[in-house]
Amino acid sequence: MTELLQQAIAQIQQLPPDQQDAIASRLLAQLQDEQKWEARFATTTDNQWDRMAAMVRQEIAKDETVPLDQVFPTQTFCT
């Protein structure tokens, strides 16, 4: 276990049981969601990626896209 995770768990342990359970539920849901996405990406075929890329190119050509900073104005994206 990493030091950062140990620190987080130590702080969570100081909370009342209902708050601990709420955090645990969110963490478990997040982990399950990540596993589903990883499995989905792992099984995506080259043909599916190609079709998705073609769809994106069509949207760009039709000017149907918006910059990410308009969709997620508070997010910072690496370039």
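Helix H2 (17-42) and helix H3 (46-61) each contribute at least two residues to the lining of the largest pocket. The model is a predicted one. The volume of this pocket is about 230 Å³. Empty space of this kind is found by rolling a probe the size of a water molecule over the atoms.

The lining consists of Trp37, Arg40, Phe41, Thr43, Thr44, Gln48, Trp49, Arg51, Met52 and Met55. H3 provides the largest share, with five residues. Sorted by class, the lining has five nonpolar residues, three polar residues and two charged residues.

## Thr44 in the linking loop

Thr44, one of the lining residues, sits in the loop between H2 and H3. Its relative accessibility is 18%, so Thr44 counts as buried, the cut-off being under 20%.

Which atom lies 2.7 Å from a polar atom of the side chain of Thr44? It is the backbone oxygen of Arg40. Arg40 is also listed in the lining of the largest pocket.

## Aromatic residues of the lining

The structure has two aromatic pairs. In the pair of Phe41 and Trp49, the ring centres are 5.6 Å apart and the planes are at 5 degrees, so this pair is stacked; the class requires planes under 30 degrees apart.

Are Phe41 and Trp49 buried, exposed or partly exposed? Phe41 is partly exposed, because its relative accessible area is 44%. Trp49 is likewise partly exposed, with a relative accessible area of 34%. Both values fall between the limits of 20% for buried and 50% for exposed.

## Helix H3 and the residue after it

H3 has 16 residues, which at 1.5 Å a residue should span 22 Å. The expected value is 1.5 Å times one less than the number of residues.

H3 is followed by Asp63, which has a positive phi. Asp63 belongs to the loop between H3 and helix H4 (68-71). What is the phi of Asp63? The angle is near 55 degrees, and the residue is not glycine. Most residues other than glycine have a negative phi. Asp63 is exposed, since its relative accessible area is 64% and the class begins over 50%.

## Asp21 in helix H2

Asp21 is located in helix H2, the helix that runs over 17-42. With a relative accessible area of 53%, Asp21 is exposed. The C-alpha atom of Asp21 is separated by 33 Å from that of Thr43, and the two residues are 22 residues apart along the chain.

Notes
Residues numbered from 1 in each chain as written. Predicted model: local features only at pLDDT ≥ 70, side-chain atom pairs only at ≥ 80, totals over all residues. Heavy atoms only, no water. 1 Å grid on protein atoms, 1.4 Å probe; cavity = no way out; pocket = protein on both sides within 12 Å on 5 of 7 lines; lining within 4 Å. Points joined across faces, edges and corners; volume = space filled by probe spheres on them. Helix = DSSP H or I, 4+ residues; strand = E, 2+ residues; numbered from the N terminus. Nonpolar A, V, L, I, M, F, W, Y, C, P; charged D, E, K, R; others polar. Buried < 20%, exposed > 50% of the residue type's maximum accessible area, 1.4 Å probe, protein only. Polar contact = N/O pair within 3.5 Å; in protein donor to acceptor, adjacent residues only side chain to side chain. Phe/Tyr/Trp six-rings, centres within 6.5 Å; stacked < 30°, edge-to-face > 60°.
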